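Dear colleague,

I am handing over the structure below, and after it I set out what was found. Please keep the view open while you read.

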Amino acid sequence: MRYYVILLVLVLVVAVLNLTAVLHHVHQTRQYSPDSRLVRVSKDQIYKERSEHVKRECRNSSEGFVGNILRHDNLHLAYCPVAKVGSTFWKRVFIFLHNDTGIIPVKSPFDIPRAFVHYGKKNKTQVSPLDEFTKKTIFGNYTRFMFARDPYSRLWSAYLDKFFLPDFWRSFALDITRQRHDSTIEARKCGSDVSFSEFLQYVVSLLPENMNEHWQPIQYRCDPCRFKPNIIGKQETFGDDSRYILQGIGEEWITNEFDQHAQVEEELSMLIDYNFLICAKLRFYWNCTSSVDIARRLWKVFQLNGYLPIEETVESILTRMSQNFFNGDMFKRYVLEVYRQTPAEERRAWKQQRKEAIIGAYKTVPLKLIKSITKLFSNDFELFGYDTAPPDKRDA
């Protein structure tokens, strides 16, 4: 009898411990991931709640604009693209669904070269402004969708891609460095040392309707109050949201091709190829940077984005190779080798690097500037349900 009593007590203890763990998990999920609570209800409810939230917030919104949208009339699908929020992926999908790759043979959207997506000539893909004709077309039984992103994360991503890396040195970066009172000759000539705070200060000094698309508030690029999406995806749940949309048009097979690691490798390769190319081809960069400098900057960005281990430095490759023969292809092979040879469990730990990087970046930003960012992007925060507290204040 005593044996059965002891056994019963042990079973009860285990049950209580399991229940405590479940409750703790629910608490953590609710605290750190607002949308994850919705796993208990249908996915339809997720998008209904997001759309209803936008409709409520639109009552207090008066300004906004919608640029060109992508349509597929046979599938009754309309998409409003926003830069830095997965737009390349969805442009690929629309080009593929329109069979608009010309002489480039492809079996899936992921076979379409990124350069063709952004710069290639398209003859069939439907792109149109949101004029009265388009409104009459898509405001009926079309699935209208768009994607949003936390403004703080979007600005950090734009800074890394366009200012820490050299893409915008010859344009917007020069605008910034030439406004300094103590700007050096090199800074005024190259624009290669813009800080994150300087970039943010530049952003808040501009009229939102005239901004570059990579940091323009979504309200002025794809205003949901005018586009009226019935599905709003988010960068933070991009895979699940994209899968839901594709399932709705009977193209869910595309999601089977959605290999996260392959996408990371393509992102690494694209950034390496593009940045080495512009620095080799454009005379502006010849006296402002070098292959070694570009490699160091790319390696740092990959670490900050959680693609490479923080403890391994780029110097290990630079010391192996003669700078006379160093080029982008050699660097790319080494980067992909490091990524592929790292166990998946270690790669998952790199996500913490990404989080720590953005927290560290915003710690350097003055409070007054944070308030200006919050004001400029106030509608984006409100419309899409993002926390106005900067990343370094959220854990507290």
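In this predicted model, helix H6 (residues 151-164) and helix H9 (residues 196-204) pack with their axes 10 Å apart and at an angle of about 110 degrees. Since angles of 65 to 115 degrees count as roughly perpendicular, H6 and H9 are therefore roughly perpendicular to each other, and their crossing is right-handed. On the side of H6 the contact is made by Leu155, Trp156, Ala158, Tyr159 and Phe163, and on the side of H9 by Phe196, Phe199, Leu200 and Val203. By class, the residues of this contact between H6 and H9 comprise nine nonpolar, no polar and no charged.

H6 also meets helix H14 (residues 291-304), where the axes of H6 and H14 come within 11 Å and cross at roughly 170 degrees. An angle over 145 degrees counts as roughly antiparallel, which makes H6 roughly antiparallel to H14. Here Trp156, Leu160 and Phe164 of H6 meet Arg297, Lys300, Val301 and Leu304 of H14, and the residues of this contact divide into five nonpolar, no polar and two charged.

Is Gln303 buried or exposed? Its relative accessible area is 6%, and because buried means under 20%, Gln303 is buried. Leaving aside neighbours within four places in sequence, Gln303 is in contact with Leu308, Pro309, Ile310, Glu312 and Gln353.

Turning to the strands, five of them form an open sheet in the order S3-S1-S2-S4-S5, with mixed pairing. The edge strands, each of which pairs on one side only, are strand S3 (126-128) and strand S5 (231-234). On average, and with direction ignored, neighbouring strands of this sheet are turned by 25 degrees against each other. Strand S1 (residues 69-72) pairs with S3 in the antiparallel sense over three bridges, and Ile69 has Ser128 of S3 as its bridge partner.

A further helix, H3 (residues 87-97), lies across S1, strand S2 (77-80) and strand S4 (143-148), and runs at about 35 degrees to S1.

With kind regards

Technical notes
Residues are numbered from 1 along each chain as its sequence is written. This is a predicted model: local features need pLDDT of at least 70, side-chain atom pairs count only at pLDDT 80 or more; totals for chains, interfaces and linings use all residues. Side-chain values use heavy atoms; hydrogens and water are left out. Axes are lines fitted to C-alpha atoms, for helices over the stretch in contact, and angles run from 0 to 180 degrees between N-to-C directions. Helices (H or I, at least four residues) and strands (E, at least two) are DSSP runs, numbered from the N terminus. Angles under 35 degrees count as roughly parallel, over 145 as roughly antiparallel, 65 to 115 as roughly perpendicular and the rest as oblique. A crossing is left-handed if the near helix is turned anticlockwise from the far one by less than a right angle, and right-handed if clockwise. Contact means heavy atoms within 4.5 Å. Ala, Val, Leu, Ile, Met, Phe, Trp, Tyr, Cys and Pro count as nonpolar, Asp, Glu, Lys and Arg as charged, and the others, Gly among them, as polar. Two strands pair if DSSP finds at least two bridges between them. Buried means under 20% relative accessible area, exposed over 50%, partly exposed in between (1.4 Å probe, protein chains only).
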